Amino acid sequence: MANDFWTSANVDPKRKYRFLVELAGTGGESLWFAKTVDKPEITIGTGEVDFMQHKFYYPGRVEWNEIGLTLVDPVSPDATGILLDILQASGYTGPMEAKTTLQSISKGAEANVLGNVVIKQVSADGTIQEKWTLNNAIITKVGWGDLDYSSEDLSEISISFRYDWASCEIPAQQRQFLK
């Protein structure tokens with residue numbers, strides 16, 4: 001009889017709530033206050049060729065889409081302060097400081113400060129099932145949420161990342177993809 005998913009003791013599906021996110025700009029440790037994160041996604045463009053009354057399609061360029069990360073904003077460590085430090089170390093200065101410096105934000109500085117963004121999907125015992133690395137990631141958007149007297153929700157920070165490409169390691173199978 002074939003190995004049945006429901007009766008096999010060594011088969012456990014990957015769970016959405018078992019994940020870790022690491023940013024080098026925060027000390028390289030897992031962000032325990034990460035609430036949600038998108039896994040990498042690609043869009044494959046297409047080219048088309050018209051031939052008489054037919055149309056044929058061919059795969060084109062691969063584009064890695066932006067991903068989002070939502071953090072709960074704890075008091076300690078202060079996620080807002082950490083993000084502002086990352087932006088400042090990337091070269092961003094406010095309008096008043098810009099009068100005295102000729103520095104501006106750059107991809108090299110931000111990728112260096114931020115480091116690779118790493119998303120790990122883990123099993124119940126903490127074993128890494130997938131490890132996604134966003135290479136040359138930069139922050140494209142930060143939202144510090146809203147405030148609301150009628151809500152008891154936790155304060156959240158939303159971040160969008162753009163990256164050149166992602167690589168994936170699946171340690172259980174000793175495989176690497178998209179290096």
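**Reading burial, salt bridges and packing**

User: How is lysine 14 classed, buried, exposed or partly exposed, at 42% relative accessibility?

Analyst: Buried is under 20% and exposed is over 50%, with partly exposed in between. Lysine 14, at 42%, therefore counts as partly exposed. The model is a predicted one.

User: What share of the chain is buried?

Analyst: Of the 179 residues, 31% are buried. The accessible surface of the chain is about 12300 Å², with 54% of this area coming from carbon and sulfur atoms.

User: Which elements does the chain hold, and in what pattern along the sequence?

Analyst: The chain has 3 helices and 11 strands. As for contacts with a separation of 6 or more, 57% of them join residues 24 or more positions apart.

User: How should I read a salt bridge, and how many are there?

Analyst: Side chains of opposite charge can pair when their charged atoms come close. This structure holds 9 salt bridges.

User: With which residue does glutamate 130 form a salt bridge at 2.5 Å?

Analyst: The partner is lysine 14, and 2.5 Å is the distance between the closest N and O atoms. Glutamate 130 sits in strand β7 (residues 128-135) and lysine 14 in the segment before β1, so the bridge ties together parts 116 residues apart in sequence. The glutamate is buried, at 9% relative accessible area.

User: Which other lysine meets the side chain of glutamate 130?

Analyst: Lysine 39 does, in a salt bridge with an N to O distance of 2.9 Å. Because lysine 39 lies in the loop between β2 (34-37) and β3 while glutamate 130 is in β7, this pair ties together parts 91 residues apart in sequence. Lysine 39 is partly exposed, with a relative accessible area of 39%.

User: What is the case for lysine 55?

Analyst: Lysine 55 forms a salt bridge with aspartate 50, and their closest N and O atoms are 3.4 Å apart. Lysine 55 is partly exposed at 41%, whereas aspartate 50 is exposed at 54%.

User: Now a helix. Which residues of α3 are buried?

Analyst: Start by asking where the buried residues point around the axis. In α3 (residues 107-114) the buried residues are Glu110, Ala111 and Leu114. They span an arc of only 95° around the axis, so they lie on the same side of α3. On the face turned away from that side are the exposed residues Gly108 and Asn112.

User: What do the buried residues of α3 pack against?

Analyst: They pack against five elements by name: β1 (19-23), α1 (79-89), β6 (117-122), β8 (138-143) and β9 (156-162). Just after α3 comes glycine 115, with a positive phi of about 70°.

User: Last, the surface. Which residues make the nonpolar patch?

Analyst: Val49, Phe51, Met52, Phe56 and Tyr58 make a patch of about 560 Å². Members of such a patch need over 30% relative accessible area and no salt bridge. Strands β3 (42-51) and β4 (54-64) each contribute at least two of the patch residues. Methionine 52 is in the loop between β3 and β4, and this residue is exposed at 70% relative accessible area.

Methods:
Residues are numbered from 1 along each chain as its sequence is written. This is a predicted model: local features need pLDDT of at least 70, side-chain atom pairs count only at pLDDT 80 or more; totals for chains, interfaces and linings use all residues. Side-chain values use heavy atoms; hydrogens and water are left out. Patches are made of residues with over 30% relative accessible area and no salt bridge: like charges are joined within 9 Å, nonpolar side chains (Val, Leu, Ile, Met, Phe, Trp, Tyr) within 5 Å. Accessible areas come from the Shrake-Rupley method with a 1.4 Å probe; for residues, only the protein chains shown count as cover. A salt bridge is a side-chain nitrogen of Lys or Arg within 4 Å of a carboxyl oxygen of Asp or Glu. Helices (H or I, at least four residues) and strands (E, at least two) are DSSP runs, numbered from the N terminus. Buried means under 20% relative accessible area, exposed over 50%, partly exposed in between (1.4 Å probe, protein chains only). The arc is that of the directions from the helix axis to the C-beta atoms. Contact means heavy atoms within 4.5 Å.
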